[in-house]
Structures are given as structure tokens and as C-alpha cells.
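Okay everyone, thanks for coming. Let me put the chain up on the screen, and then we'll walk through a few spots together.

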Amino acid sequence: MANITANRPDFINVLERIKQVVGPKGWTNDLESMLPYMTDWRGICRAEALMVVRPKTTEEIAKLVTLCAEGCISIIPQGGNTSLCGGSIPLNSGEEIIVSLARMNKVLNVDPDNYTITVEAGCILKDLQNAASKANRYFPLSLAAEGSAMIGGNLSTNAGGTNVLRYGNARDLVLGLEVVLADGRIWNGLRGLRKDNTGYDLKHLFLGSEGTLGIITAAVLKIFPKPTEVCSAFCAVPNVDAAVTLLGIARAESGDAVETFELMPRLMIDLVMKHIADCKDPLKERYDFYVLIELVSSASVDSGISERLESILSNAFESGLVIDAAIAQNETQRQAFWKLRENASESQRIEGASIKNDISVPVSRIAEFYDTAWIKLAEIEPNIRLVAFGHIGDGNLHYNLQISEHGDKNAFLARYEEFSRVVNEIVVEMGGSISAEHGIGRFKRKELAYYKDKVSMDLMGSIKNSMDPAGILNPGKVV
């Protein structure tokens with residue numbers, strides 16, 4: 001920090017005033033302590049920062065943002081730092097501060113009758129789920145990193161997860177927000193109303209904006225009746241097309257009770273079992289593709305979904321859509337199924353370098369996309385490995401490319417743009433999106449500008465310039 005600020009007494013003055021705002025326990029500039037905040041989850045992206053600030057209140061954030069605006073110091077808002085796109089990591093200037101929301105982790109209110117829960121942005125997603133459960137309610141946002149991901153980060157990236165099919169993305173679960181703006185003002189939109197038609201719905205500006213327009217500090221979220229019955233099956237299917245067909249049948253024949261429908265290839269299962277302890281293959285034989293399907297009911301009486309699931313699978317066996325299956329007989333077996341799915345990303349990280357393609361296309365074109373992209377990728381790199389899994393019920397695939405077993409990491413990652421361009425060209429041709437739920441961050445900013453139409457980019461730029469004219473909020477991300 002000394003080299004950066006030696007000729008900037010204004011920097012030093014602002015940083016000292018920020019330290020006073022948050023107190024001695026609310027900041028650090030110790031390099032070792034800062035390292036986890038300056039390195040992304042995959043270990044691909046690392047950059048320096050002036051310091052890490054950990055405020056405890058919205059008012060503290062407002063004061064430090066005001067000071068940063070005066071001193072033209074850039075701010076990197078950060079939740080659990082589980083981003084896969086480098087969205088919560090500084091640039092390489094070394095002149096930014098990281099604002100961690102970790103100390104703002106309270107559940108502020110649970111209103112079971114209004115079906116809402118109000119939380120601070122640093123609340124861990126799993127803690128939020130547990131708080132809703134204690135009130136006999138259900139918060140459906142669920143993803144593999146829920147034990148460390150914070151709700152503010154989930155909202156700033158408009159996270160998806162495994163239950164989008166039934167409940168929608170994070171955006172669809174928000175009723176109100178509290179946000180600190182780039183000039184230090186606090187916008188208080190913490191209302192738990194399902195109907196509020198008083199002008200622009202401002203909260204949607206911040207949902208999915210990755211901290212570039214404001215810092216989300218609290219949220220009012222929808223909660224739902226707590227499920228009383230969950231039926232899970234781990235099924236082998238002959239191909240991706242069969243999986244899509246099975247999804248449609250399951251939705252129709254269950255009365256749209258399908259909450260989860262996850263596609264998993266054999267290579268993903270092999271990597272999880274290789275790197276994650278105590279994982280078992282649910283089926284005796286090996287197959288190319290699997291789906292994890294769950295039907296859910298919140299009925300107070302027997303809903304019959306167990307019988308419906310068995311009937312759906314029985315008919316699917318007869319028609320050849322399913323070639324083997326295991327139905328969870330208890331919660332332990334169900335969690336064993338989920339352990340395979342939830343450790344997909346972790347096992348890939350341990351295995352070696354991978355290139356993440358978080359795409360979406362219409363559900364009806366999932367199978368076509370899967371095969372078309374793989375054929376074209378294999379043409380330019382026969383040794384590449386495909387680990388494509390995800391939420392095909394909402395058209396979202398994590399179409400990940402894994403380095404070959406003895407491949408060179410640097411050579412592989414050097415072809416990031418080449419491989420991603422092949423994937424993204426097909427996605428766009430099919431009317432899809434190059435980013436379904438992970439956001440844009442640093443890694444996809446160039447691709448966004450390439451594929452997004454000019455009018456959209458102009459509008460986003462105008463909004464950014466209007467709300468953050470000095471460009472201090474999460475610079476170098478999204479736009």
C-alpha cells in the first residue's frame with residue numbers, strides 16, 4: 001500500500017477515515033489475512049487490494065462509500081466469494097478496497113403469515129433456509145455453495161440453483177431491497193408487498209447487476225409452505241433427448257410437482273466418486289447419462305406423489321426413456337443422490353483446470369445443443385473432456401470443458417476464448433444466453449459486449465453512468 005499511496009495523501013486520509021468508521025475489528029491490510037478475499041474460488045483469479053473492510057451496519061457502508069466517492073477509491077462488494085466469473089475479485093490496479101458483507105449476517109424478521117423473511121446481505125444462504133424452516137416455511141433457493149454463499153451475492157448475480165423450474169431465479173424471490181448507492185445514499189425499499197405499483201420497480205436494477213450499481217445490504221424475500229413430502233429418483237437415461245422427453249412427461253403427469261430435474265453425465269459421476277469421500281454409485285451398472293428428479297408436495301394430507309413418481313418411472317421403463325433407476329427410500333438415500341450432484345464443481349476443481357460455460361437455451365433445444373457443440377469442440381480438440389450437467393428443466397447447462405488427464409494447464413486455459421466462442425456461437429444461434437445464472441463478472445465481459453446488441457449495451461452503459469458516474473462500484477465488471 002505504501003508504494004501506491006506514497007504520492008496520494010488524499011488516499012491515506014480517506015483510508016484512515018474509513019478505518020475510524022468501521023473500528024479496529026472492521027478492517028485489515030495484512031496480506032495473509034486479505035488473501036482469501038483477493039483470490040477467487042477456483043484459484044484462477046487473484047489481485048491486490050488496498051484493504052478489506054468488514055462493516056457491521058448499512059450506515060457504516062453508507063459512510064465508507066461516501067468517503068470512497070470523495071477520494072475516487074473503487075469498491076469491490078463481496079459476499080461469500082463463490083463467484084465463478086471473477087465478479088467479486090479486484091482488478092489489478094491495487095488501488096481498490098474490498099467491502100465484505102460477512103459481518104452483516106442477521107435474520108432480521110420472519111413473517112410466516114405474510115410469507116416473508118427479511119435478512120441482511122451477509123446472511124449465509126443455508127442459515128436463511130434454516131430460519132425459514134424453523135418457522136415452518138420454506139426458502140427454495142438452493143445451490144451447491146449454500147453453506148458459504150451469502151444472499152447478497154446470490155441476489156447481485158440473480159442466482160438460479162436447482163429449484164428454478166418451480167420457483168424461479170433469485171430475482172423472482174425478492175419483494176424488497178435496501179441498497180447503498182454510489183454516492184452513499186441509502187435506498188430503503190424493504191417492503192414485503194406483492195402488489196406495489198408506485199412507479200418503476202427499482203429493485204430490479206440491482207438484482208443481477210453484480211454490485212456495479214449499488215451495494216445490496218438487506219432484502220425481503222418470499223417464503224413458501226414447507227414441503228411435507230419429497231420423492232427422489234436417480235435414473236439412467238439413454239441420451240439427453242430422452243431426459244428432455246422424460247421431463248415433459250413428469251411435469252404433466254405429476255400435476256407440475258417437479259421441483260428438481262438435473263442432468264448428470266457419467267464423467268461427472270466418475271470425478272465426484274474419485275475426489276469426494278463416501279460417495280457411492282446408486283446403480284449397479286454404468287450408463288452414459290443420468291437425471292436426478294424430485295417431486296414435492298406441501299399438502300397436509302397424503303398427496304400421492306410417491307405413487308405418481310413410481311407410475312411415471314414405470315411407464316418410462318416401458319417406453320425406453322429410463323433404463324435403470326433407484327428411488328430414495330429415506331432421507332439418507334436422498335442426500336446420497338444429492339452428494340453426487342452438489343460436488344460436481346468441487347470435483348472438477350480438484351481434477352484440474354476447466355473452462356466454465358454457463359449457458360441456457362430453450363428446453364426443447366437442449367439435446368440438439370448438447371450434441372452440436374460437442375461435435376464441433378471435438379473437431380478442434382479431440383482430447384478435451386466434456387462435463388456438461390445442470391438444470392435442464394429451465395434450459396440451463398453448465399457446459400464445462402475439462403482439461404485432459406495429462407494436459408498442460410496453461411496451454412488449455414490459453415484457448416479459453418477459442419473454446420467458449422464455439423459454444424457461444426451455437427448458443428446465440430439457438431436463441432440462448434451465454435450466462436444463465438453465474439453472471440458476467442470479469443471473465444465474460446468481453447463476450448457480453450460481443451454478443452449483446454448495441455442498443456442493450458448502450459442502455460446498460462447509460463444506467464451505469466447515471467447511477468455511478470465516477471465508476472467506483474465494482475469497476476471492470478459487466479459493463
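Predicted model: local features only at pLDDT ≥ 70, side-chain atom pairs only at ≥ 80, totals over all residues.

**A walk through the chain**

Y115 isn't a glycine, and yet its phi is positive, about 55°.

Now hop over to the loop between β3 and β4, where you'll find N81. Here's another residue other than glycine with a positive phi, this time near 55°. N81 has a relative accessibility of 10%, so it counts as buried.

Okay, zoom out for a second. How many helices and strands does the chain have? There are 18 helices and 19 strands. The radius of gyration is 23 Å, close to the 23 Å that the globule rule gives for 479 residues, so the chain is as compact as a globular protein of that length. If you look along the principal axes, the C-alpha trace spans about 75 × 55 × 45 Å. Buried residues make up 54% of the 479 residues. And of the contacts with a separation of 6 or more, 74% are between residues 24 or more positions apart.

What about charges? The chain has 49 positive and 60 negative ones, and their mean positions are 5 Å apart.

Next up, helix α3, which runs over residues 31-38. Which of its residues are buried? Those are M34, Y37 and M38. They cover an arc of only 90° around the axis, which puts them on the same side of α3.

Last stop: S360, in strand β17, residues 358-360. With 18% relative accessibility, S360 counts as buried, because the cut-off is under 20%. Which residues does S360 touch, leaving out those up to four places away in sequence? They are G395, N396, V427, G432, S433 and A436.

Technical notes. Residues numbered from 1 in each chain as written. Heavy atoms only, no water. Helix = DSSP H or I, 4+ residues; strand = E, 2+ residues; numbered from the N terminus. Rg over C-alpha atoms; globule rule 2.2 N^0.38 Å. Buried < 20%, exposed > 50% of the residue type's maximum accessible area, 1.4 Å probe, protein only. Contact = heavy atoms within 4.5 Å. Lys, Arg positive; Asp, Glu negative; His and termini not counted. Charge placed at Lys NZ, Arg CZ, Asp CG, Glu CD. Arc of directions from axis to C-beta.
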